Amino acid sequence: HLVCPMNTSPFVDPNKPSQEIWEEFSMSFTPAVRDVVDFAKGIPGFCDLPEHDQVSLLKAGTFEVLMVRFASLFNVVERTVTFLSGKRYSLDTLRSLGAGELLNSMCEFSEKLALLGLDSDEMSFFTAVVLVSADRSGIQDLDSVEALQDKLIRGLRNLVMQNHGEESATTFTKLLLKLPELRSLNNMHSEELLSFKVHP
Ligand code: HEM
């Protein structure tokens with residue numbers, strides 16, 4: 001099995017060589033990853049960062065951006081996850097195939113994000129903040145990354161303040177509190193990915 005919704009299905013033909021499984025899986029998730037790179041290039045100021053830092057932020061942050069973009073694949077009410085092929089599987093099925101705590105945490109994240117009721121502009125600002133807030137280890141020009149982050153956070157705050165009435169301040173705070181949650185999902189997910197690579 002390969003219980004990641006970025007695949008087309010959690011079921012894998014047991015007779016298929018693992019290289020082929022990876023190739024098919026990559027074909028499924030590569031367009032989504034490419035969209036994140038294009039999105040990054042469109043963030044005003046991102047392309048002015050040193051190329052090395054652009055790569056580091058993308059490496060560290062792509063999963064987190066995808067998690068936000070694809071949060072709606074997790075349907076907590078119906079207890080299902082939709083894979084990139086469009087096929088839906090119940091949480092119970094995915095659990096029986098080996099998914100665990102991480103799946104629960106992602107469902108919870110998605111449910112709470114949806115409750116904030118962001119529109120598409122806010123979502124896009126938030127994902128820009130997520131990307132420039134990615135793990136800073138190995139960043140060369142920290143000052144520029146921080147300056148860009150400040151600019152994006154101010155933009156996100158202005159938008160949220162315009163759109164959420166009395167809830168504005170709490171909505172903005174809750175959004176910022178999503179950043180450490182995303183980091184933790186990223187770390188847990190990297191472990192799943194690594195252990196899958198070791199014993200596919
Ligand atoms: C698990 C790869 C992005 C959600 C996994 C596994 C791999 C993987 C190899 C382990 C599968 C197994 O042991 O059966 C990737 C790659 C990604 C990616 C290469 C980059 C594009 C994402 C995103 C999400 C996600 C963006 C959420 C929207 C999950 C879930 C699991 C998982 C829910 C199962 C967790 C569990 O076992 O509890 N992923 N993934 N993945 N991934 Fe991904």
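**An iron site and its surroundings**

Me: What coordinates the iron atom of the ligand?
Reply: Cys4 (SG) and His189 (NE2) coordinate the iron atom of the ligand, at 2.0 to 2.3 Å. The model is predicted: local features need pLDDT of at least 70, side-chain atom pairs count only at pLDDT 80 or more, and totals for chains, interfaces and linings use all residues. Numbering starts from 1 along each chain as its sequence is written, and side-chain values use heavy atoms, with hydrogens and water left out.

Me: Why do Cys4 and His189 count as donors to the iron atom?
Reply: A donor is an N, O or S atom within 2.8 Å of the metal (3.2 Å for Na, K and Ca); water is not among the atoms, so sites may look incomplete.

Me: What makes the site of the iron atom octahedral?
Reply: Six donors count as octahedral if opposite donors are over 155 degrees apart and all others between 65 and 115. The site has six donor atoms, with angles of 85 to 178 degrees among them, and is octahedral.

Me: Where in the chain do cysteine 4 and histidine 189 lie?
Reply: The pair links distant parts of the chain, 185 residues apart. Cysteine 4 is in the segment before α1 (18–41), and histidine 189 is in helix α7 (residues 168–198). Helices are DSSP runs of H or I, at least four residues; strands are runs of E, at least two; numbering goes from the N terminus.

Me: Are cysteine 4 and histidine 189 buried or exposed?
Reply: Buried means under 20% relative accessible area, exposed over 50%, and partly exposed in between (1.4 Å probe, protein chains only). Cysteine 4 is at 14%, so it counts as buried. Histidine 189, at 18%, is also buried.

Me: Which residues are closest to the ligand?
Reply: The ligand is surrounded by 23 residues; Val3, Cys4, Gly100, Leu103 and His189 are the closest. A residue counts as near if one of its heavy atoms lies within 4 Å.

Me: Why is the pair of tryptophan 22 and phenylalanine 25 called tilted?
Reply: Rings of Phe, Tyr and Trp (its six-membered ring) pair if their centres lie within 6.5 Å; planes under 30 degrees apart are stacked, over 60 edge-to-face, and the rest tilted. By this rule there are five aromatic pairs. Tryptophan 22 and phenylalanine 25 are 5.6 Å centre to centre, with 45 degrees between the planes, so the pair is tilted. They lie in helix α1, three residues apart, about one turn of the helix.

Me: What makes the pair of phenylalanine 25 and phenylalanine 29 edge-to-face?
Reply: Their centres are 4.9 Å apart and their planes are at 80 degrees, so the pair is edge-to-face. In helix α1 they are four residues apart, about one helical turn. Phenylalanine 25 is buried at 8%, whereas phenylalanine 29 is partly exposed at 23%. Tryptophan 22 is partly exposed, with 23% relative accessibility. Trp22, Phe25, Phe29 and Phe196 form one aromatic cluster.

Me: How do you know that lysine 197 sits over the ring of tryptophan 22?
Reply: A charge sits over a ring if NZ of Lys or CZ of Arg is within 6 Å of the ring centre and within 35 degrees of the ring normal. Lysine 197 lies over the face of tryptophan 22, at 5.8 Å from the ring centre. Arginine 69 has its charged end over the ring of phenylalanine 39, 5.1 Å from its centre.

Me: Why is glutamine 54 called buried?
Reply: Its relative accessible area is 14%, so glutamine 54 is buried. Glutamine 54 is in helix α2 (residues 51–69). A polar atom of its side chain lies 2.9 Å from the backbone oxygen of leucine 49.

Me: What is the phi of arginine 79?
Reply: Arginine 79 has a positive phi of about 55 degrees although it is not a glycine. It lies in the loop between β1 (74–75) and β2 (80–82). At 38% relative accessibility, arginine 79 is partly exposed.

Methods:
Tetrahedral: all angles 85-135°; square planar, octahedral: opposite > 155°, others 65-115°. Polar contact = N/O pair within 3.5 Å; in protein donor to acceptor, adjacent residues only side chain to side chain.
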